[in-house]
Amino acid sequence: MTEHVTIPTDSGDLPAHLWLPPSGHGPGIVVLQEIFGVSDYIQRRAAQLAEMGYVVVAPEIFWRLGVTSPVEGDDALQQGMGLVQRLDWDAAVADAAATVEWLRGRDEVTAGVGAVGFCFGGGLGYAVAAHLESGDTGGTSGRGPLDALVSYYGSALPGLHDTLTVTAPSLHHFGLADSFIDTDTVRRIEASVTQQPATVFETYAGADHAFDNDDMPWHDPASGALAWSTTTQFLRERLPVS
């Protein structure tokens, strides 16, 4: 069951989707969307994380653009890329960080909080993790680093890894046949982020961008299954469910 909730920000209420685990309580995970929004695929992954025992929230990151439903249709990719180009990146980071802190404050969250991001959300999650570690929180209290980060083919990472550092335990997934991030760039990202000892970096031969999304033509079932298995094991170790 999904509950629609709102998260207070400096510009109003950010709409989001909340899933509770069967126990009703547990560690928290913020799921960060692809460029297509909180799509059916993102909601399926969020529901699976809740079934594993996590309290899960997926914020509608495009809300400041007036978009709070999934981008669909034959031109969904063009629509999504257009939204990202119009997006205020700093505001998106602040909104995602506010979501982390909102989740930390929920009574149902009885342990740490992590983030799992896909594509656009993978890069956003990395930026949020760095932001929370920097202590640049606008003077608010109760902030702290992420307890774990999982980033699937973070599309913003080519422009972030040289300037932002994440020391929190993190897991990165990249395909080596990514149509948007070439292999040389993937290897540069790997060399950069794995300087931090708590970072795991996994690559998938023959896998394109968005290989985990089973609603898209780029889906690679074998790579997606392996990456998800690695993700769940990483989360169980770094953000254990009691």
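This tour moves through a predicted model, stop by stop, from its confidence values to its core, helices, rings and backbone.

Residues are numbered from 1 along each chain as its sequence is written. Because the model is predicted, local features need pLDDT of at least 70 and side-chain atom pairs count only at pLDDT 80 or more, while totals for chains, interfaces and linings use all residues; side-chain values use heavy atoms, with hydrogens and water left out.

**Confidence**

Colour the chain by pLDDT, the predictor's confidence in each residue, from 0 to 100. The protein chain averages 95, and 97% of the residues score at least 70. Then select residues 138-142, where the pLDDT is below 50. Beyond near neighbours in sequence, this stretch has 2 contacts in the model (contact: heavy atoms within 4.5 Å). Where pLDDT is low, the predicted coordinates should not be read in detail.

**The largest nonpolar core**

A nonpolar core is a set of buried Ala, Val, Leu, Ile, Met, Phe, Trp, Tyr and Cys residues joined through side-chain atoms within 4.5 Å. Buried means under 20% relative accessible area, exposed over 50%, and partly exposed in between, with a 1.4 Å probe and protein chains only. Select I29, V31, V56, F118, L124, Y153 and L235: of the 78 residues in the largest core, these touch the most other members. Helix α4 (residues 120-134) gives the most to this core, with 8 residues. Helices (H or I, at least four residues) and strands (E, at least two) are DSSP runs, numbered from the N terminus.

Not counting residues up to four places away in sequence, V31 touches I42, A46, L49, V56, V57, A58, P59, V116 and F118.

Move to W89, in helix α3 (residues 89-104). W89 is partly exposed, at 27% relative accessible area. Leaving aside neighbours within four places in sequence, W89 is in contact with F120, G123, L124, A127, A156 and L160. W89 and L124 are 35 residues apart in sequence, and their C-alpha atoms are 8.5 Å apart.

**Helix α5**

Select residues 183-193, which form α5, and pick out T185, V186, I189, S192 and V193, which are buried. These residues lie on the same side of α5, because they cover an arc of only 125° around the axis (the arc is that of the directions from the helix axis to the C-beta atoms). They pack against α4, β7 (170-175) and β8 (199-204).

**Aromatic rings**

Show the Phe, Tyr and Trp rings (for Trp, the six-membered ring); they pair if their centres lie within 6.5 Å, and planes under 30 degrees apart count as stacked, over 60 as edge-to-face and the rest as tilted. The whole structure holds 8 aromatic pairs. Select F174 and F201: their ring centres are 5.4 Å apart and their planes at 15°, so the pair is stacked. F174 is in strand β7 and F201 in strand β8, 27 residues apart. F174 is buried at 0% relative accessible area, and F201 is buried at 11%. Elsewhere, ring pairs link Y41, F118, Y152, Y153, Y204 and F211 into a cluster.

**Two positive phi values**

Most residues other than glycine have a negative phi. Select C119, in the loop between β5 (109-118) and α4. Phi of C119 is near 60°, and C119 is buried at 8% relative accessible area. Finish at Y153, in the loop between β6 (148-152) and β7. Phi of Y153 is near 35°, and Y153 is buried at 0%.
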